[in-house]
Amino acid sequence: MAIDSLQLKVKFNDVVKRFKWVSPEHKCDFKSLEMCIRDKFPPLQVRENNHLVPITISYIDDEKDEVTVDCDDTAETLLLQCGDKNLISVRVKLAERSNMPKPKAS
């Protein structure tokens with residue numbers, strides 16, 4: 001799905017920010033979405049064991065279910081949810097610590 005831009009309203013903890021997201025190739029790209037969100041919230045740029053802290057991105061769909069965005073396909077579904085208004089609200093949380101990559105043994 002091609003896009004020009006999408007207005008995101010992102011909530012992390014008690015902070016809400018609104019900004020434009022444009023994927024470099026003008027398509028649904030989960031990594032681009034994730035990095036755009038991380039750029040706007042400095043606490044999400046923290047590294048542990050040489051990895052960015054894991055986050056969970058989600059939104060509430062039209063059936064009032066919380067849907068996790070974790071790949072290009074779910075990012076595309078997120079875009080479809082915004083419809084003609086070109087605005088979507090998402091929530092960002094720190095992921096469970098069990099999802100953190102294990103440090104390599106020396």
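This is a tutorial dialogue on reading a predicted model of a protein chain.

User: What share of the residues is buried, and what share of the contacts joins residues 24 or more positions apart?

Analyst: Of the 106 residues in the protein chain, 35% are buried. Among contacts with a separation of 6 or more, 52% are between residues 24 or more positions apart. As for the surface, the chain exposes about 6,900 Å², and 47% of that area comes from carbon and sulfur atoms.

User: Which residues of the largest nonpolar core touch the most other members?

Analyst: The general idea is that nonpolar side chains tend to be buried together in soluble globular proteins. Here the largest nonpolar core has 24 residues, and those that touch the most other members are Leu8, Val10, Ile37, Ile57, Val69 and Val92. At least two residues of this core come from each of E1, strand E2 (15–21), H1, strand E5 (55–60), helix H2 (72–82) and strand E7 (87–94).

User: What does Val92 touch, leaving out residues up to four places away in sequence?

Analyst: Val92 belongs to strand E7 and is buried, its relative accessible area being 3%. With residues up to four places away in sequence left out, Val92 touches Val10, Lys11, Phe12, Asn13, Ile37, Leu44, Ile55, Thr56 and Ile57. Val10, counted in the same way, touches Val15, Val16, Lys17, Phe19, Ile37, Phe41, Val90 and Val92. A distance can also be read from one C-alpha to another: Val92 and Thr68, which are 24 residues apart in sequence, are 9.8 Å apart in space.

User: Is Glu34 buried or exposed?

Analyst: Glu34, which is placed in helix H1, has 10% relative accessibility and therefore counts as buried, the cut-off being under 20%. Apart from neighbours within four places in sequence, Glu34 is in contact with Ile55 and Ile57.

User: How is a pair of aromatic rings described, and how many such pairs does the structure hold?

Analyst: Such a pair is described by two quantities, the distance of the centres and the angle of the planes. This structure holds one aromatic pair. The ring centres of Phe12 and Phe41 are 5.8 Å apart and their planes stand at 70 degrees, so the pair is edge-to-face. Phe12 belongs to strand E1 (residues 6–12), whereas Phe41 is in the loop between helix H1 (30–40) and strand E3 (47–48), so the pair ties together parts that are 29 residues apart in sequence. Both Phe12 and Phe41 are buried.

User: Which lysines lie over the face of a ring?

Analyst: Lys17 lies over the face of Phe41, at 4.8 Å from the ring centre. Lys40 lies over the face of Phe19, at 5.4 Å from the ring centre.

User: How many disulfides are found in a search of the whole structure?

Analyst: The search finds zero disulfides. The cysteines can still be read for their accessibility: Cys36 is buried, with a relative accessible area of 14%, while Cys71, at 29% relative accessibility, counts as partly exposed.

How values were computed: Residues are numbered from 1 along each chain as its sequence is written. This is a predicted model: local features need pLDDT of at least 70, side-chain atom pairs count only at pLDDT 80 or more; totals for chains, interfaces and linings use all residues. Side-chain values use heavy atoms; hydrogens and water are left out. Rings of Phe, Tyr and Trp (its six-membered ring) pair if their centres lie within 6.5 Å; planes under 30 degrees apart count as stacked, over 60 as edge-to-face and the rest as tilted. Helices (H or I, at least four residues) and strands (E, at least two) are DSSP runs, numbered from the N terminus. Buried means under 20% relative accessible area, exposed over 50%, partly exposed in between (1.4 Å probe, protein chains only). A charge sits over a ring if NZ of Lys or CZ of Arg is within 6 Å of the ring centre and within 35 degrees of the ring normal. A disulfide is a pair of cysteine sulfur atoms within 2.5 Å. A nonpolar core is a set of buried Ala, Val, Leu, Ile, Met, Phe, Trp, Tyr and Cys residues joined through side-chain atoms within 4.5 Å. Contact means heavy atoms within 4.5 Å. Accessible areas come from the Shrake-Rupley method with a 1.4 Å probe; for residues, only the protein chains shown count as cover.
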